[in-house]
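User: I am new to this structure and would like to go through it step by step. Could you show it to me before I begin with my questions?

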Amino acid sequence: MAGTSSGIVAGLTAAALGAVGFLAYRAQATVPAGLAGRPGASASAAAPAAKAPRDRRNPTALPTASGKGERVVYSVDDDRVWLVEEHEHVARTFRVRPGSMDPAVGTYWVSSRSNAATGTDGTPVEHIVRFSSVDGVAIGFSAAVGDAAQTAVDPAVKTGGIREDRADGTAMWNFATIGVKVVVIR
């Protein structure tokens, strides 16, 4: 009986390793074109950046020097996001409530998404769009669900959730698919 049990365990282990290898291959094979070789969860900026220039007459206008092409622009100083389509057309802009940890200024790419989860602060969230991490804490956009949407962030808890209203979270979810550029500015 002991020989049969060890054979079963060996067979199950081999099958599990094969499945993991296959899934890893499929994940690598489905990386969006042009994303391979790009940084996923690390910024491309090396030095502190000055605040991106703003239009003083229109504070919600897309800041200049915020990149080119389709992208999400997030201002850590203004707590504002712009969803920018091709040809520099702003599809939507909205205010956000940052977590206790800010990403560094730089260029990132959406690296993972989840339809629903629980934030590091225990808040139920939906439409999670992740693009970075700081000290092991995932940084991304999400919308709090239910009564949690009105709860203030506890600065003592390390949170990377940049919270949006639910309608804005749905717009982000539809716009920011895997591989979409995220530009973080001051």
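User: Is Glu 88 buried, exposed or partly exposed?

Analyst: Glu 88 counts as partly exposed because its relative accessibility is 31%. Buried means under 20% relative accessible area, exposed over 50%, and partly exposed in between (1.4 Å probe, protein chains only). Please note that this is a predicted model, in which local features need pLDDT of at least 70 and side-chain atom pairs count only at pLDDT 80 or more, while totals for chains, interfaces and linings use all residues. Residues are numbered from 1 along each chain as its sequence is written, and side-chain values use heavy atoms, with hydrogens and water left out.

User: Which residue does Glu 88 form a salt bridge with?

Analyst: The partner of Glu 88 is Arg 71, and their closest N and O atoms are 2.8 Å apart. A salt bridge here is a side-chain nitrogen of Lys or Arg within 4 Å of a carboxyl oxygen of Asp or Glu.

User: Where do the two residues lie in the chain?

Analyst: Glu 88 is in the loop between β2 (80-84) and β3 (90-95), and Arg 71 is in strand β1 (residues 71-75), so the pair, 17 residues apart, links distant parts of the chain. Helices (H or I, at least four residues) and strands (E, at least two) are DSSP runs, numbered from the N terminus. Arg 71 is buried, as its relative accessible area is 0%.

User: How many salt bridges does the count come to?

Analyst: The count comes to 6 salt bridges by this rule. One of them joins Asp 77 and Arg 186, with the closest N and O atoms 3.4 Å apart. Asp 77 lies in the loop between β1 and β2, and Arg 186 in the segment after β9 (181-185), so this pair ties together parts that are 109 residues apart in sequence. Asp 77 is partly exposed, at a relative accessible area of 36%, and Arg 186 also counts as partly exposed, at 34% relative accessibility.

User: Which residue pairs with Asp 165?

Analyst: Asp 165 forms a salt bridge with Arg 97, where the closest N and O atoms are 3.5 Å apart. Asp 165 lies in the loop between β8 and α2 (166-175) and Arg 97 in the loop between β3 and β4 (106-109), so parts 68 residues apart in sequence are tied together. Asp 165 counts as partly exposed at 43% relative accessibility.

User: Changing topic, how much space lies in the largest pocket?

Analyst: The largest pocket holds about 220 Å³ of space. A pocket is an open set of points on a 1 Å grid over the protein atoms alone, where a 1.4 Å probe fits, with protein on both sides within 12 Å along at least five of seven lines; lining residues have an atom within 4 Å of a point.

User: Which residues are closest to its centre?

Analyst: Of the 17 residues that line the largest pocket, Gly 119, Thr 120, Ile 128, Arg 130 and Ala 138 are the closest to its centre. The largest share of the lining, 6 residues, comes from β7.

Technical notes: Points joined across faces, edges and corners; volume = space filled by probe spheres on them.
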